[in-house]
Every structure is written in structure tokens, then in C-alpha cells.
Number of protein chains: 2
Amino acid sequence: MSDTTSAPLNRLSWLRTSHSFLNAIAASPNARWLLLNGTQHLLSSSAVLAELTTEQVKSFLGPEPWFGQGKDEGQTLTANELGTFTESARHRGPRIVFLGLHDALSTVNALPTSDFTDPETAVAKLNGTPYFAFDIGEANASAFLEEHKQFSWGEARPLMMNVTLDKLSLALFTESRSMVDWNLRNKFCPACGSPTFSQWGGWKLSCSTLLPWADNTGKEPCPTAKGLHNFAHPRTDPVVITLVLDETGEKVLMGRGKKFPGKFYSALAGFIEPAETFEDSVIREIWEEAGVKVWDVQYHSTQPWPFPANLMVGFYARADSSQTIRVDLDNELADARWFTRAEVLEVVNHKLGSNLSGRDHKRLDEITDGPSGKAAAGEAAPVVEDEPPFRVPPTGAIAGVLIRDWAFGKKTFAPIQKGNL
Amino acid sequence: MSDTTSAPLNRLSWLRTSHSFLNAIAASPNARWLLLNGTQHLLSSSAVLAELTTEQVKSFLGPEPWFGQGKDEGQTLTANELGTFTESARHRGPRIVFLGLHDALSTVNALPTSDFTDPETAVAKLNGTPYFAFDIGEANASAFLEEHKQFSWGEARPLMMNVTLDKLSLALFTESRSMVDWNLRNKFCPACGSPTFSQWGGWKLSCSTLLPWADNTGKEPCPTAKGLHNFAHPRTDPVVITLVLDETGEKVLMGRGKKFPGKFYSALAGFIEPAETFEDSVIREIWEEAGVKVWDVQYHSTQPWPFPANLMVGFYARADSSQTIRVDLDNELADARWFTRAEVLEVVNHKLGSNLSGRDHKRLDEITDGPSGKAAAGEAAPVVEDEPPFRVPPTGAIAGVLIRDWAFGKKTFAPIQKGNL
């Protein structure tokens, strides 16, 4: 997570405003499409993300043009209609997200906005695979499986937690999961309550009262007609997650969330709030959850966590372990306590130390998405012979990395004299 | 910004769900209120944030109870009405934000949810000043000044950029600016288009169709009736901002945004996108804006930037300075180039090296909020005798800190052998 090679998808973000570019690259024979049905992805027979061609998905996209749609079906925007609120407009058909091009950031192949005049030729010269994603809708989702029995719909979270996905698959999963969710979830304008429509290849949502042909008789002008509005752009919710070390650097503070699956302990986490630095937020969260004051907050790395749009920001911090732990302040944790390096090593070296059953995944889903109809507790716990004394998150989650980087000594922390606290 | 003492306001976030607590603390004689009118704060005669008592603002708040409002005016929620969607409900009157208590995080004074039964007595025991904020509305804003001539309405951004505000004032300004804006801006439910109402002392917005007495005849149930929805909670938009150093560590890459005030150069910045780590985002932004590939991305610190809800996340990164700079990819910068330490030192040591005129502030406002009616370019530029060759941001902005920490050698960077690039 902390390596700094570039991401596998080149998002070509500045070309999203060009419907000619998007239409050309979407029609390219190289283009590949991920399908979603709510929170589920279309998976191939080998349970990895299915990648379909444009031909295979065309019937779900509605009539062309797919981007830069004019007032009437089948029409492209006229010169008169072009403007800020129609850039790459898509107000008919499922909202399509352009994920990017699987290609290194290359200045040789780059398509600058400044000389972008012949999209088809420019797109034909691009190397790499362009990726798109959209939500197919529940009715189509079942029908699609009837006709394509090699596929299935599945939650990809277990893939992310338990399996070492290749970098491209992880990027495709993460970006499509967050972006399709954002497009699905935000159907109405927060400023005036009118329906929204899609722009910029899925990266902007605007108020339909701003379309040049909108009939706004009797309506107040939408406040989004002027100024900039953050809700028009995708949202990312930073979560600070912190492994707290004691003054010796040999013990860590971990907690058990009330809804965690059995025996799991982890680093303490919480959403940041407006007007906080990350460091403020780390201090507040650990105090609220465990009653412990920390200092010396040190950044580790970040991990996108697309359920639906979190960004986990990992930290270490120090605390005086003689402080009384109390979990009755915000009542989020069932328990919080200090663990020695030996205790943690026993678990991370145990073959089941980070084992997650299907039932565990279900509980984790509920933490993010709220309770589902079916109670996880109703299912039988798996019987395991050689059980670890407790469990910690796997390396697929940043908490698992923070814990192991400390436990295995990859990150070292000097002892602190009590007098210096 | 990178110090890790706790923030001056104790947000007591877990008590926001209790209307008894909020009503008691809002009525406390110690409580102080910040007033906003859109993006402007009420300022006292000495041009600092005005702090009013509950008595002074009462007439604008509507009838009590202020929190936990039942169906009819003047009614508190009944036991039957209490539930997730009515916790601290405020569906009448301006949306009030509880900012927190000016008090160290103290476990002695802490009010746990677990034994919180007598709010008045508990609140009376609290030390420190509780702070609230709300938007008074345009009509009331003028009327208020008529009656209270010692006050004025003003944009507080210049305060933040040019003056060293004390820590409490900065926290009050930042939190109230972001939170009141969020409450004002999000009037309708993104899931179904119905009006929203306020919960949790301004920290949650819910769909009015979920109020137990809502008449939803003929409406589809709102999707927010089930599961968790991030738009119900305040939004923070992380922006990565990076000072790029060359292989020697003696030169930095800075850019001039097309809309920047005259002669300003700064670190390169951009919003992060879903599914990016900060490091991914730093690499993408610098490549998009300047055509330069960077590596070795190092975290510096964060700064809340409440226009309206950004969090600036500061980084250093390294690049091979022999790469061709090109700003024609995303066309955001007018210019980007390398500056030597001597060139930067001349500016940061110049008394006007970070000077911001009122006109400059206006241009900066427009970058955040979009163009205003009045063109900044129409006003005469101030004539200055001893002009610096260029300007850089002041220390009130994180870019100014990144630049000075490098220029003055507070942060040092070893040269990198060309062969190791």
C-alpha cells in the first residue's frame, strides 16, 4: 500500500469532459466493461471480475450517443447546447463510469486537451485496455444470467480481504465499486430535490433543471446554477485507523468492536470530522473509544476501502499504558486492551489467526451497510480444532498491515522514558 | 499543523444523539453562539468572531425544545416517537450545530453514554465553554446589524490566511464554516428528493419521509430507510498538495494556476478520487498538471481548509528534473517550473513575498466558490515599490509551510544518484 509506483489505471481525467473522446473510446474493440448489480459484481467462472466487450453490453446502454446526449433520443448535443452543464451529458440509460486506461502514465501517448481534435484517430493510437463499469439493474441482472450461464453475481469483499488480487483487478474492483455506488445512490439534487443526471463519464452529477431544455416553469432556480458544489463530485470518506503502542514500544492497544466477528481485535478506527487534522482525529477517536490519550501520531499509509467510499488512513501513535482504559464513553467497543508482542506474534503466525468465514464477512458487511434481513448470529459457528487465542485482521486490510509491520519489527519504535511523557 | 496536542474543542460526539444533553447544554449560561450568514461570520468590533449568549440568539431559534422536537410545535418527542430517525431531531427552525466544549479531553469530566441520566446536573458540572453555530438567514442578518451596530458580517478567509489566529478561534472558525455550510447546502435527500431535516446537533441529515408522523401516501419508501448512507453525515474532501524536489533536493517544482492572483507560485494540488491512495493521487495529479513523474512520496501534515470542506494533505515527492514539463495535459496551470533554493529564499525572506491583497483574496474565493458577479480583474492592481520576483503562499496555508520547511532546511532531503532513479 505504501509503494509509490503509479496506479495501474490511467484515468485520463481531463478528457472526461469530451463526449467525442468518451464515445470513441467506449466503442473501441479494446474496451472492457464491468457489470454491477447493486453491491455485486459480475464474476466469471473462475470467480474473478468478468470483463465484457462493448458488443456484449451494448443492448443495456440504450441508443447512441452514450455521451453528449442532446434533448431528443439519438441526438448529439448541438453547438448551442454545449456548456458547463452539458459536458459529456448522459441523461438517458444507466450511468456509465469511465474507469481509465490500463496503461502506464505515459507522456508519449498522452492526449492533451489542447490539441484534441480527431478523437477516433487519437483513441486508435492509444495503447492499453480502456475500462468502463455500470449498474445493470435487478431485472436485467437475472435475465443476463439466464443467457450467460458461465457468470454469476457476487460480493467481491471476500476477494479483497482474503486473496492477493493482482494490482489491476484490485484497482478495477475498488474504483468500480465506489463509483457505481455513488452514481446509484445520488439520484436527486441535494440543493433543490430535482433528479440528477450523469456527466463526465460518471464523474459528475448535475441537477436536471440545468439542462438547457429543462422546463423550470414555476420553480425557483436551483442554487447549483451558480458556484461550485462538492456534492456534484464523487465523495471519499477518510477513516483514521491507529495502532497505539505503549511507552516501551512492546505492547499495542487493540479493541473489539461490538459487532466484530468472534474473537477479532484490531487497531482503533473512526471517520474524521470536518475541521480536524488527521492527528486531531486520531487523538479524539482513541480517547472516545478507549479513554486513552495518545501523542506522537505517525502516518503509515492509506488504503481505499470501497464500502462504499472510505479511505483508510493508517497511523501509529504512542500512549502511557498506565492510563485507565474505559470503553463506556462512546460505547463502540466491547473491549479494549493491551497485547504484548509475543501475544500478537502467536496470532499472526497462527494459520487461522486471520481466518474469515463467510459468516464473518456477513458481519463485516453489516458494520458497513447496516443490518441485513438475515441475522448472522443465527448461523452455526464453524468448529475449529486448533484455535488461536484471538484473531487480527488479514493483510488485505490496512489494520492487518499495521499490526504485522510492528509485530515483525518492520517498523521499530524506541522506548520512551516515563519522565518524558 | 503537525503538532499532536489535542484539538481545543472537545466534540463530545457520542452525546449528540441525546436531545436532553443538547437542550441542557444549549440553555447553559456558559454557552456561546457563532452566527453565520451564508459564507460570512458575525464579527465583533475588533474583527474577530462574535460570541453571543443563548439569550442574545434565542429569538432566532424558534420555540423550544430546540432538539428532540416532536410532531407538533413545542412538543418533545414522545417515548413512542424515539428511534434512529428521531434522535435529537430538529425539523423546525434554523439548523443548529453543536461545535463542542472548549475543554481538554478529560476522562474525569467525561460524560459517558452509559450513565447519562440527569442532563441538567451533568451539564452544570462541565467545565469550559460550550459552542454552537447556525445560519441566521439573509433577512435576519441585516435586521440583526440594525439593532447591534457594534457587529459586522465578514468573510473570515483573510483572517485565516494572514493573521495568526489563536488555536481556539481557528478551530471555531473552521468547524463552524464547514458544518454550517454542509447543513445549508444539503436541503434535499439525494436518494428520494424529499426535504431533509437535522439530527444529532447538526451532525446528521435525514430524509423527512422517515419521521414517524410523515405522510408518505403514494410515495415509494425512501432507500435511506434501510442501511447506512454516507451522505447523511458531513463530508470532507481530501486534497493532496505536494512540493516536488529534484534529485539534488536543492530545487522545487511549483506551478501557477490559471486563476491564481498575480505572480503566485505554489505546490501542486488536486482532489483525491475514489479508489486512490494518497500516493496514487499525488503521482496522478503531478503528472496531469505538469507531465512529471514523481516517486518517494512522503507525508508532511494536514490542514482543514473549510471552503467549504477540504482537508489539505501535504506531501513531499521527488522527481528527475530532466523530464520535460508540460502543462497542456489537463490545462490547469498557466506555468510550472523548477526554482532553486536561493530563488525561493529570496521570496520567503521578502516582506511582500506572501502578501495577499483584498483583490487576491477575491480571486482565491473564486477558485473555491466559482466566479462571483464582480470581476476581480476589473480592480486596479496595487502598486508596490520593492516587488519580489514572484510570490508564494503564506504560512496560513499548508503550501506555505511545505515551501518554508524545505527552504529553511527544517526538512532535509538527501541527493539521489541519477543511476538510482
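Modeller: On the side of chain B, 80 residues are in contact with 80 residues of chain A, contact being heavy atoms within 4.5 Å. This is a predicted model, in which local features need pLDDT of at least 70 and side-chain atom pairs count only at pLDDT 80 or more, while totals for chains, interfaces and linings use all residues. Residues are numbered from 1 along each chain as its sequence is written, chains are lettered from A and ligands numbered from 1 in the order in which they are written, and side-chain values use heavy atoms, with hydrogens and water left out.

Between them, chain B and chain A bury about 6,700 Å², of which 58% is on carbon and sulfur atoms; buried area here is the accessible area (1.4 Å probe) that two parts lose on being put together, summed over both. The count of salt bridges between chain B and chain A is 4, where a salt bridge is a side-chain nitrogen of Lys or Arg within 4 Å of a carboxyl oxygen of Asp or Glu. R16(B) and E273(A) meet in a salt bridge, with N to O at 2.7 Å. Across the interface of chain B and chain A there are also 32 residue pairs in polar contact, both residues at pLDDT 80 or more; a polar contact is a pair of N or O atoms within 3.5 Å, and within protein one must be able to donate a hydrogen and the other to accept it, with residues adjacent in sequence counted only if both atoms are side-chain atoms. The elements that give two or more residues to the side of chain B that touches chain A are α6 (167-185), β10 (237-245), α7 (278-290), β13 (294-305), β14 and α9 (358-369) of chain B, helices (H or I, at least four residues) and strands (E, at least two) being DSSP runs numbered from the N terminus. The residues on that side of chain B divide into 36 nonpolar, 24 polar and 20 charged; Ala, Val, Leu, Ile, Met, Phe, Trp, Tyr, Cys and Pro count as nonpolar, Asp, Glu, Lys and Arg as charged, and the others, Gly among them, as polar.

Over all chains, the count comes to 33 salt bridges. In one of these, the closest N and O atoms of R11(A) and E175(A) are 3.6 Å apart, and the pair links distant parts of the chain, with R11(A) in the loop between β1 (9-10) and α1 (19-27) of chain A and E175(A) in helix α6 (residues 167-185) of chain A, 164 residues apart. R11(A) is buried, with a relative accessible area of 5%, and E175(A) is buried at 1%; buried means under 20% relative accessible area, exposed over 50%, and partly exposed in between (1.4 Å probe, protein chains only).

R284(A) forms a salt bridge with E276(A), the closest N and O atoms being 2.4 Å apart. R284(A) is buried at a relative accessible area of 6%, and E276(A) likewise counts as buried, at 3%. Salt bridges that share partners join R11(A), R16(A), E175(A) and E273(B) into one network.

In chain B, D330(B) belongs to the loop between β14 (310-319) and β15 (333-340). D330(B) is buried yet has no salt bridge, and the nearest side chain of opposite charge, R284(B), is 6.9 Å away; Lys and Arg count as positive and Asp and Glu as negative, while His and the chain ends are not counted. A polar atom of the D330(B) side chain lies 3.1 Å from the backbone nitrogen of E332(B).
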